[in-house]
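This report covers one chain and how its parts pack. Please read it with the model open.

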Amino acid sequence: HAVVATLALFSAFCVGFVTTIVTRSKVWGLWSAVALLAIPPFLGHGFFNTKDIPTAAGYTLFTSGCVATIWFLRGSNANKKILTLVVTLTAIGLWLAVGTRLGMAFPLILTAVLFVGLIFVISRLQPWPRGYVKLALLTYITGVLLGLGLVALTNPCIVAPISDKCVTGIE
């Protein structure tokens with residue numbers, strides 16, 4: 001229960017982070033994090049729901065990785081620490097969401113493909129340096145591949161999909 005509660009709190013922190021980056025306002029970022037924690041179903045599930053909260057936290061972290069990539073490209077905070085944040089958020093988010101619910105693989109991979117395409121389109125319109133765009137995309141794709149690798153290493157149904165445990169769900 002402590003891990004699930006920690007993931008719920010970290011999800012709220014990530015919602016605040018995303019809102020702060022998008023609106024460029026710390027007040028709105030704080031408001032959005034507190035608003036998420038004030039929603040009774042989220043707060044209640046945040047203490048005991050071992051299936052939905054890690055999935056929601058994973059999707060939130062994954063989305064935060066996308067926003068951190070845009071934050072890096074905006075240029076005012078273009079440093080290597082943000083790239084480490086991109087890899088970490090993307091990989092752990094994908095691992096949590098897909099590792100908890102394998103059905104999340106398609107939406108997250110589709111999100112990643114659309115996001116990379118969006119960056120290509122926007123980079124034609126924005127005055128972002130080409131080196132930054134390539135570095136940001138390579139970093140983001142590294143996070144996605146690392147997350148998929150973590151899922152493959154930790155999910156027994158991917159390593160041995162024909163086993164009885166994966167087919168029947170019984171050990």
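S11 is buried, because its relative accessible area is 4%, and the cut-off for buried is under 20%. The model is predicted. S11 is found in helix α1, residues 2-23. Leaving aside residues up to four places away in sequence, S11 touches L36, F42, A56, A57 and T60. Three of these partners, A56, A57 and T60, carry numbers that fall within helix α4, residues 52-73.

**The chain as a whole**

The chain has 9 helices and 0 strands. From the N terminus on, the order of elements is α-α-α-α-α-α-α-α-α. The chain has 171 residues, and 40% of them count as buried. Take the contacts with a separation of 6 or more: residues 24 or more positions apart account for 71% of them.

**Helix α4**

How many residues of α4 are buried? The count is 17 of its 22 residues, and α4 is mostly covered. The length of α4 also checks out. At 1.5 Å a residue, its 22 residues should span 32 Å, and the end C-alpha atoms are 32 Å apart, so the two values agree.

Two packed helices are described by the angle between their axes and the distance between the axes.

| Helix pair | Axis angle | Axis distance |
|---|---|---|
| α4 (residues 52-73) and α5 (residues 80-100) | roughly 155° | within 7 Å |
| α4 and α6 (residues 105-125) | about 10° | 11 Å |

Start with α5. The axes of α4 and α5 cross at roughly 155°. Angles over 145 degrees count as roughly antiparallel, so α4 is roughly antiparallel to α5. The crossing of α4 and α5 is left-handed. By class, the contact of α4 with α5 has 17 nonpolar, 8 polar and no charged residues.

Now α6. α4 and α6 pack at an angle of about 10°. Angles under 35 degrees count as roughly parallel, so α4 is roughly parallel to α6. By class, the contact of α4 with α6 has 9 nonpolar, 2 polar and no charged residues.

Which residues of α4 meet α6? They are Y59, F62, C66, T69, I70 and L73. On the α6 side, their partners are L108, T111, A112, F115 and I119.

Definitions and conventions. Residues numbered from 1 in each chain as written. Predicted model: local features only at pLDDT ≥ 70, side-chain atom pairs only at ≥ 80, totals over all residues. Heavy atoms only, no water. Axes fitted to C-alpha atoms, helices over the stretch in contact; angles between N-to-C directions. Helix = DSSP H or I, 4+ residues; strand = E, 2+ residues; numbered from the N terminus. Parallel < 35°, antiparallel > 145°, perpendicular 65-115°, else oblique. Left-handed = near helix turned anticlockwise from the far one by under 90°. Nonpolar A, V, L, I, M, F, W, Y, C, P; charged D, E, K, R; others polar. Buried < 20%, exposed > 50% of the residue type's maximum accessible area, 1.4 Å probe, protein only. Contact = heavy atoms within 4.5 Å. Expected span 1.5 Å × (residues − 1).
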